[in-house]
Protein chains: 2
Amino acid sequence: MPDIKHFDPQAALDTAVRLFWRQGAASTGIQDVVTATGLNRSSLYATFGGKQDLYLAALRRYVRTHSEPAFERLTQDGRGLPAVADFFAGLIEVRCSGEYARWGCMITNAHAARTENDDPEVLRLLDGHHQHLLGALHAALLSAQSRGQLPRDAELQCAAELLALLAYGVNLRSRSGADPEALYRTVTATLASLGAIAAAS
Amino acid sequence: MPDIKHFDPQAALDTAVRLFWRQGAASTGIQDVVTATGLNRSSLYATFGGKQDLYLAALRRYVRTHSEPAFERLTQDGRGLPAVADFFAGLIEVRCSGEYARWGCMITNAHAARTENDDPEVLRLLDGHHQHLLGALHAALLSAQSRGQLPRDAELQCAAELLALLAYGVNLRSRSGADPEALYRTVTATLASLGAIAAAS
DNA sequence: GCAATCTTGGAACGGTCGTTCCGAGATCCG
DNA sequence: CGGATCTCGGAACGACCGTTCCAAGATTGC
């Protein structure tokens with residue numbers, strides 16, 4: 001009986017992700033989304049609800065399509081430190097060149113845009129993302145340990161936290177035009193001495 | 001002949017700093033500034049110009065009153081690694097407790113809020129801030145080296161960059177409620193092994 | 001083809017945005 | 001005290017905000 005949707009909701013959501021990612025939620029109007037997706041206000045509201053719902057859906061989609069695949073790769077990759085090195089190399093490349101150059105990371109940006117009295121669901125999502133990142137790094141460091149790339153008594157938790165914060169720093173500074181080679185040097189130097197970091201904890 | 005200002009522009013600017021710092025520029029309306037400062041729209045525009053000028057002035061004032069004193073202390077403090085440790089301890093304390101708890105760093109937030117087509121002066125300010133931070137860290141590491149806390153052949157540049165990115169990460173995560181003790185542990189572990197990092201570069 | 005049901009187009013809502021303008025008030029110089 | 005000059009209070013501007021509403025269009029089951 002009913003009519004059917006005349007557009008692909010996921011494609012529209014991807015467009016919204018790009019807008020929110022590049023400009024932030026506060027600087028992106030519904031009109032921007034309407035213009036970019038080409039579909040109508042009514043369809044937007046009927047499909048995604050209000051702006052906050054749309055932003056939350058965009059955040060979730062970003063995590064699923066951009067963050068988690070990289071985390072999954074890092075978790076599965078059993079090579080240890082080389083896996084971590086590849087993770088950061090890919091991160092820097094995505095942040096500084098290609099379609100998303102200088103956009104930073106949508107989740108990192110959301111950290112800075114977050115306010116005390118906005119949707120607590122956003123905060124939960126940010127924490128979930130952080131835990132996933134920590135978990136993936138920890139898994140990689142565990143592989144490194146079992147392969148003798150790190151001391152047996154290394155405390156991996158602090159090392160994982162350091163790398164996570166370092167990733168946030170890379171995301172943040174890349175948005176303001178940081179030199180990718182300087183970022184790469186810093187990351188490489190850090191990884192080269194990770195054993196000492198982990199042992200010192 | 002002329003009338004005189006009936007308010008203290010710097011006090012008003014401090015109020016604006018707090019608003020932009022906590023809520024971000026995009027989410028802060030001129031009306032918010034008017035209400036918080038108690039002065040009139042006309043006085044605001046006559047004194048600071050439009051919103052973008054006000055935001056820029058607020059950024060500059062934040063750097064002068066919040067960032068640079070800490071950078072200066074770090075630069076002057078000749079103790080080496082303990083100076084760096086104190087710098088981070090103070091950073092974590094400010095970010096997680098007291099009046100500005102969970103506000104993050106205004107400059108860090110500005111990194112994430114920045115857009116390609118906004119005032120290039122903002123970008124220059126962010127880069128200047130980054131260079132100041134790098135310089136202060138480098139000076140402290142130089143002291144550490146001269147005191148034998150770091151190897152003589154240590155490459156300090158990468159270590160300073162790592163610490164700067166780590167500081168950004170602390171600022172960012174603190175805004176979303178990161179555990180201060182976990183942050184402290186991570187920073188302490190990193191500093192404890194800084195010698196290895198610097199030598200590996 | 002008819003009726004039911006959802007989607008779509010587009011106007012319209014009240015509110016807030018950043019900004020401007022002008023009359024009224026306050027202040028200092030001569 | 002007089003007059004010049006700036007500040008201050010507050011209304012007003014057009015534009016845009018997120019959101020709602022309704023009629024028109026499209027589709028499916030009978």
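Because the model is predicted, local features need pLDDT of at least 70 and side-chain atom pairs count only at pLDDT 80 or more, while totals for chains, interfaces and linings use all residues. Residues are numbered from 1 along each chain as its sequence is written, chains are lettered from A in the order in which they are written, and side-chain values use heavy atoms, with hydrogens and water left out.

**Interface**

Chain A brings 39 residues into contact with 40 residues of chain B, contact meaning heavy atoms within 4.5 Å. The area buried between the two chains is about 3400 Å², of which carbon and sulfur atoms give 64%; buried area here is the accessible area (1.4 Å probe) that two parts lose on being put together, summed over both. Of the area that chain A buries against chain B, 19% is supplied by A:Leu165, A:Leu172 and A:Arg173, more than by any other three residues.

Between chain A and chain B, 2 salt bridges are found, where a salt bridge is a side-chain nitrogen of Lys or Arg within 4 Å of a carboxyl oxygen of Asp or Glu.

| A:Asp127 | B:Arg173 | 2.9 Å |

Helices are DSSP runs (H or I, at least four residues), numbered from the N terminus. Over all chains, the whole structure holds 14 salt bridges.

On the side of chain A that touches chain B, the elements giving two or more residues are α6 (106-113), α7 (120-146), α8 (156-175), α9 (180-192) and α10 (194-200) of chain A, and α8(A) gives the most, with 11 residues. By class, this side has 20 nonpolar, 12 polar and 7 charged residues; Ala, Val, Leu, Ile, Met, Phe, Trp, Tyr, Cys and Pro count as nonpolar, Asp, Glu, Lys and Arg as charged, and the others, Gly among them, as polar.

**Largest pocket**

A pocket is an open set of points on a 1 Å grid over the protein atoms alone, where a 1.4 Å probe fits, with protein on both sides within 12 Å along at least five of seven lines, and lining residues have an atom within 4 Å of a point. The largest pocket holds about 930 Å³ of space, a volume being the space filled by probe spheres set on the points. Its lining has 41 residues, of which A:Ala26, A:Ser27, B:Ala26, B:Ser27 and B:Ala113 lie nearest its centre. The lining divides into 20 nonpolar, 13 polar and 8 charged residues.
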